[in-house]
Amino acid sequence: MTYFISIVLVSGLIAFIVTPLMRRLAQSTNFVDNPSARKVHLAPMPMLGGVAIYAALVGAVIVSGTRAYTEMLAVLGGATVLTLFGLWDDRRGIHPLMKIAGQLIAGGLLVWAGIQVKLFDVQALNIALTLFWVVGICNALNFQDNMDGLAAGLAMVASGFFLLLAGLEGLTLVATLAAALLGASIGFLYYNFNPASLFMGDAGSLLIGFMLAVLGIKLQFAGRPLAATWMIPILILGVPIFDTTLVVISRLRRGKHIYQGGTDHTSHRLVSILGMTPARSVMTLYIVAGALGLLAVMLREATPEQARLLLAVLAIVFIGALAFLEVRFPHEPPTG
């Protein structure tokens, strides 16, 4: 585990050094996120934080000296594709379908390298589920970039649990990637927590989502019942999955486009319904993510019967929380 801690330190140091450089570059090139009615910041905010996260990830992976060349090439290739698509969207704005196309390209690189879900006997179903997972998690983390420190903090918590479980299972590649993402998230979060001095942009959120999707696919538990362990990545990423479900259902109910930004995420609802400050809302979601991560670690030793019981309880909590946050949230009238 000492080896992986060194990767965390290298990645974190790179992010810590490169992030303020990217902030200066963004300011000098006017690469900023301007305020609008659907955003909570009141002044132009430098972006390019995603480039710092990318540099930290790639730098740490190179230093690690991993020899899984084909798989690492696919992962870093997909990460590069999504970072470039994210920068394009941050600078010029692109249609949501173009972003999904980038996510499918990145997912295709994973499939090419053999990094895919292996739940079914039919290969086409495995590929379809792999691409669905990659697109879903990329967009779920993209949705979390709605409040200072939220996306980076959730990535920090999730990658920490992936690192722990990968270490316990002896999965060197997964642990290396998780350690690199953990360090990059911590180094960037220093500048991004409330009040943030720069944003990661889509370049960062799509990159983080892709890396977490890869970790979820690659995390495997030899000799343990699949009926229990299949839920572990979903639990670790439970907060972004819950928020995405809530926002999609809510916007469809209100006649809004799913990709139309707004202040209707879980973090915003904790502020408007429960009266939390933005920082407290973000910290609350960190705690929830941590609790779900602990449950995921416990599932590693669970029997299928225990896993099914936990799934039933969590499903009830999921639906109840979703209904509460949707019913209590003050909505504006639907748009045509």
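Q: Let's start with a loop. Where is Leu48 found?
A: Elements first: helices (H or I, at least four residues) and strands (E, at least two) are DSSP runs, numbered from the N terminus. Leu48 sits in the loop between strand 2 (45–46) and helix 2 (49–64). The model is predicted, so local features need pLDDT of at least 70 and side-chain atom pairs count only at pLDDT 80 or more, while totals for chains, interfaces and linings use all residues. Residues are numbered from 1 along each chain as its sequence is written, and side-chain values use heavy atoms, with hydrogens and water left out.

Q: What is the phi of Leu48, and is Leu48 buried or exposed?
A: Phi is positive, about 70°, although Leu48 is not a glycine. For the second part, buried means under 20% relative accessible area, exposed over 50%, and partly exposed in between (1.4 Å probe, protein chains only). Leu48 has a relative accessible area of 8%, so it is buried.

Q: What is the phi of Asn30, and where is Asn30 found?
A: Asn30 has a positive phi near 60°, again in a residue other than glycine. Asn30 belongs to the loop between helix 1 (2–28) and strand 1 (32–33). Its relative accessible area is 56%, so Asn30 is exposed.

Q: Which residues does a cis peptide bond join?
A: The bond is between Asn194 and Pro195, and its omega is about -5°. To find Pro195, look in the loop between helix 7 (172–192) and helix 8 (201–218).

Q: Which residues is Met211 in contact with?
A: Contact means heavy atoms within 4.5 Å. Leaving aside neighbours within four places in sequence, Met211 is in contact with Leu57, Val75, Ala79, Leu177 and Leu181.

Q: Which residues of helix 12 are buried?
A: In helix 12 (residues 266–274), they are Thr266, Ser267, His268, Arg269, Leu270 and Ile273. A reminder on reading helices: an α-helix has 3.6 residues a turn, so residues three or four places apart point the same way. The cover over the buried residues of helix 12 includes helix 6 (150–169), helix 11 (238–253), helix 13 (278–299) and helix 14 (304–327). After helix 12 comes Gly275, with a positive phi near 75°.

Q: Which residue forms a salt bridge with Arg269?
A: The general idea is that side chains of opposite charge can pair when their charged atoms come close. The rule used here is a side-chain nitrogen of Lys or Arg within 4 Å of a carboxyl oxygen of Asp or Glu. Arg269 pairs with Glu326, the closest N and O atoms being 2.9 Å apart. Arg269 lies in helix 12 and Glu326 in helix 14, so the pair ties together parts that are 57 residues apart in sequence. Arg269 counts as buried at 0% relative accessibility, and Glu326 does at 7%.

Q: Which residue forms a salt bridge with Arg253?
A: Glu326 again, with the closest N and O atoms 2.3 Å apart. Here helix 11 holds Arg253 and helix 14 holds Glu326, so this pair ties together parts 73 residues apart in sequence. Arg253 counts as exposed, at 57% relative accessibility.

Q: How many salt bridges does this rule count?
A: Twelve. Among them is Asp264 with Arg251, the closest N and O atoms being 2.7 Å apart; both Asp264 and Arg251 are buried. Glu169, Arg224, Arg300 and Glu301 are linked in a salt-bridge network.

Q: Finally, the surface. Which residues form a nonpolar patch?
A: Patches are made of residues with over 30% relative accessible area and no salt bridge, joining like charges within 9 Å and nonpolar side chains (Val, Leu, Ile, Met, Phe, Trp, Tyr) within 5 Å. Accessible areas come from the Shrake-Rupley method with a 1.4 Å probe; for residues, only the protein chains shown count as cover. The patch consists of Leu119, Phe120, Val122, Leu125, Leu226, Trp230, Ile234 and Leu311, with about 700 Å² of accessible area together. Leu311 lies in helix 14 and is partly exposed, with a relative accessible area of 36%.
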